[in-house]
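Colleague: Could you take me through this model, with the cut-offs behind each value?

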Amino acid sequence: MRNLRLPQRRRVCVILALLVASAPDEVLADYGARKSEAMSELDKATMTDAERAALEKALETYFGGREDCFEGLIAVVAKTDEAAQQATFRDRAAVCAIGASQVLDRALDDIDDVSIGALGFSSVFSMQEATFYQGLIGIGVADARDQIVTIQVRLAHMTDALDAKWLRLKQDDEQFDAKAAALTAEIREDYAKVLREAAEAHADTAELLAEQVKKLAESELSDISTGNVTVDTIVSGVKSALGPLITQWQAVNSRMGVRANAYRALFASELRVLVVFEDVREDVRDFLEDNDWPKADAAYALARTGLDAFVSAARTSGQSSDASELRGDLLEQLAIHLKRGADVYATFVSRNRGRFEGALGPDIEEQLVEHAAWEQYARYIEGYGLDTKLRDWHQHGTNYFNVSLDPLKSETREKLKVGLRAAIEQLLRELKTAEGAARTIEQLVKEGRDAVAEALD
């Protein structure tokens, strides 16, 4: 034995140990075709018995390490974490090639005067295996694994992130919706009360005015002053009757102005929510440019093509057979990643299609815009027929509550008209203000919902 070769032998042992350590627990295949082929060729080659025995021993060592090498590479492709494995795969394949070369190069070290037959067998075998490993180093199966697993992991993270963002958006939107509902309920309650009391006040005022005009007319006809019914007392009575109603209209109109501003603020806040929603949709579009699942399918197809080429490039039948087995085992691991990733993608799509991905779904639009709810709010307000009632009451007041003043003498009648116009002037102004406030609210609801809907177009 040549002592100068001991350090190299130790390196071979270390390399083989590394290959064994990297192999998975489960043995996938024995990859024995090339070994059988090599042993058969060794039997046919011309050489001494000692050379044949040395080469046979080397081949046993080599093929044991080779099987462990393949299984180690399969274990690399089987990894499920996001860390890139392409460089690791390439480096491990290169270590396998080095280990193979060193085992074969040292096979005849203890033989003196090695025969041409033994050298020829060793050289040809080494050249064929070196070419095989060179092809193995170059295949992109681990790169495909990296792409598939990375997209899968990112899709899973994005699915969780989008769920959380949707929950926050919905909570914000529902908070604004609840405020809008409460605001609408307040408006309904205010209108219900003021309309009811206005109807009563107009009827009472009309009755009071009719009764007083009748008494004043009777007094004028008899030329006997009763002393208790005059133009001034009639005007004063009408003012007293209308006072509480005017005060109530003033308060309602003031509150409607505040509520109009509150509606504006709510719509502005909701529009901000929708801007965030659209920004998230844009982020998802950008995300899918690099992480859409068809890219994983394409990576798998490219790896399959590369493995097919690797099998086709094999120099011998045995190499081709073993390469085909290795191809199947590597693709099996890729298929596992692909299936797992496809499930993640299906979850991503099922949760986000129509929401953050693809065309906006009608159910999502309804959740964000609430067409039905706002149409109901509008109907609540419009249902009071406020515009018609206010116009009728305005005309009612202008016409002295439809009470005829004709029974009065001309001079008295004109004096009473002047007094009554002064008495009802404030009421007419408040009715006009109420009419404008109602139109403002109705217009705000319409324009606000249109703006919200437009933000999602």
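**Burial, fold and extent**

Modeller: Of the 457 residues of the protein chain, 46% count as buried, meaning under 20% relative accessible area with a 1.4 Å probe and protein chains only. This is a predicted model, in which local features need pLDDT of at least 70 and side-chain atom pairs count only at pLDDT 80 or more, while totals for chains, interfaces and linings use all residues. Residues are numbered from 1 along each chain as its sequence is written, and side-chain values use heavy atoms, with hydrogens and water left out.

Colleague: How many helices and how many strands are in the protein chain?

Modeller: Helices (H or I, at least four residues) and strands (E, at least two) are DSSP runs, numbered from the N terminus. On that basis the protein chain has 13 helices and zero strands.

Colleague: Why is the protein chain described as more spread out than a compact globule?

Modeller: The radius of gyration is taken over C-alpha atoms, and the globule rule is 2.2 Å times the number of residues to the power 0.38. For 457 residues that rule gives 23 Å, and the protein chain is well over this, so it is more spread out than a compact globule, with a radius of gyration of 47 Å.

Colleague: What does the C-alpha trace span along its principal axes?

Modeller: Taken along the principal axes of the protein chain, the C-alpha trace spans about 160 × 35 × 25 Å.

Colleague: How far does helix H9 reach from its first C-alpha to its last?

Modeller: H9 covers residues 317-352, which is 36 residues.

Conventions. The expected span of a helix is 1.5 Å times one less than its number of residues. Buried means under 20% relative accessible area, exposed over 50%, partly exposed in between (1.4 Å probe, protein chains only).
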